[in-house]
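Biologist: I am new to reading models like this one. Please pick a single part, look at it closely, and walk me through it step by step.

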Amino acid sequence: MRLESGGAAVDRRSLLQFAGGVGAAGLAGLAGCQGGGSRAENTPEHPPLGNYPVEGDTVTFGFNVPQSGTYAAEGRDELRGYELAVAHLNEGGGWVGQRSFDVLSGDGVLGKTVEYVTADTETKPDVATTNPEEMIEQDDVIMFSGGSSSSVAIAQQKVAQARKVPYMCCLTHSNDTTGSDCVRYSFREMFNAYMTAQALIPALKERFGRDAEYVQIYADYNWGQTMESSIRDFFTSSGWVELTSIPTRLGTTDYEEPLKQARDAGAEVVFLDHYGLDAANSLTTAQEILPDEVGIVVPLYNRIVAQNASTALDGVVGTVAWDTSVSSALSNAFKNAFTAEYGNAQRPSGVAHLAYAQTLQFAAAVERAGTFYPPAVIRELEDHEYSVGLGSQTMRSCDHQAQRGVPVVEGLPESEQSLGRFYDLLSVTKAVGYDCDGGPAAECELGDYGD
């Protein structure tokens, strides 16, 4: 049961506190407004900064996710991941106490019970900017996370840097997030478009040859633009020939004309640089218009996209943030905890995995630092080696980009799909990335810590 602050939604946000599981949320007061025995976080050794020090026996996280708009389905799954993370921080379970997260004990964070507030980005950068400002001012969040659009994520991390409150990115795939728009107060677990192109080359060259001719149809906003440029950079330099590249507006529902252009250009491979419902719509139309011999690639897709385009997945190659078919101790622990909480019919997607991982990453860094003081937490995250179930990886200090493995998948024909299984896992690459003076990192200037 979810109770909203004051009995009604306030500025699209609700404040929840876990008392006995994800389904047992109770009404809680705003962090920093506790009466009686309120106390500052021990005796602060640092000056006030952002929402530090934390007062009272609770600490509040902010989760800013798309609950309406093009990426609403992704937002719902993000929120499930966040809710599960908070439950485990307060009560134990999942990754708490496991490798990479053994500093967590299930009694909150630094002994404080974790509460959270939520907001709807509406997949709009201006709304996404207003929400964390309100969370910081009104709810005293010590950290915020969320985003299923790179434009939204970039807008939020600017707030984080200005207000000195850490932002743990969720789904953002643009190169610019940890490239030209990087900030000290933001961290990204998700791989970027540049890394996706790196990961796809071996599988696509093996399938379509060393000199294929291709067309890109891309979403004409920050993420789609960096995905389009990364595909071109890697594939043309390796011998493929780009025939044309066609922009489409975010939220487009009719892809017939650009797909006819790709067909008429004689493409051997068509890249659909779309995500969410856009990817499902363009992929479904592509299977109707393109000849059978033309290969289709969706560089980034996930379980939610697959559910909406299940009849059109056969043979489609792409990457995903994570998948239930990845077998490792942490992957299995997350999958089992998620299905135990939400039921077998609600299998976790890579978006939920990202949300869960980023929340626990922040909490573990606080425990290692022994304080909520933002610069100390940031320094614990920088160059930290860890795993989220995809092998060993590092949260790099020069650009706050995780250097990590990338799962490469191929869609199954509808007749072979089953509950929660839409594609085969072809491989999980070893940690892919680039030097700090190369790729998107060459444009990154993180800014100050604030201390």
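The segment after strand S17

Modeller: Let's begin with a disulfide (a pair of cysteine sulfur atoms within 2.5 Å): Cys-182 and Cys-444 are joined in this way, with 2.1 Å between their sulfur atoms. Cys-444 sits in the segment after S17 and Cys-182 in the loop between S6 and strand S7 (186-187), so this link ties together parts that are 262 residues apart in sequence. Before going on, please keep in mind that this is a predicted model, where local features need pLDDT of at least 70 and side-chain atom pairs count only at pLDDT 80 or more, while totals for chains, interfaces and linings use all residues. Residues are numbered from 1 along each chain as its sequence is written, and side-chain values use heavy atoms, leaving out hydrogens and water.

The torsion about the S-S bond of Cys-182 and Cys-444 is about 105°, so the link is right-handed. Buried means under 20% relative accessible area, exposed over 50%, and partly exposed in between, using a 1.4 Å probe and protein chains only. Cys-182, at 6%, is buried, and Cys-444 is buried too, at 12%.

The structure holds two disulfides, and the other one, between Cys-398 and Cys-436, has an S to S distance of 2.1 Å. Cys-436 also lies in the segment after S17, while Cys-398 is in the loop between strand S14 (393-395) and strand S15 (402-403), 38 residues away. This link is left-handed, with -85° about the S-S bond. Cys-398 is partly exposed at 24%, and so is Cys-436 at 36%. With the bonded cysteines numbered in sequence order, the pairing reads 1-4, 2-3.

Now for charges. Side chains of opposite charge can pair when their charged atoms come close. A salt bridge here is a side-chain nitrogen of Lys or Arg within 4 Å of a carboxyl oxygen of Asp or Glu. Lys-164 and Asp-448 form one, at 3.7 Å from N to O. Asp-448 is in the segment after strand S17 (423-428), and Lys-164 is in the loop between helix H3 (150-163) and strand S6 (167-169), so the bridge ties together parts 284 residues apart in sequence. Lys-164 is buried at 14%, whereas Asp-448 is partly exposed at 43%.

Conventions
Helix = DSSP H or I, 4+ residues; strand = E, 2+ residues; numbered from the N terminus.
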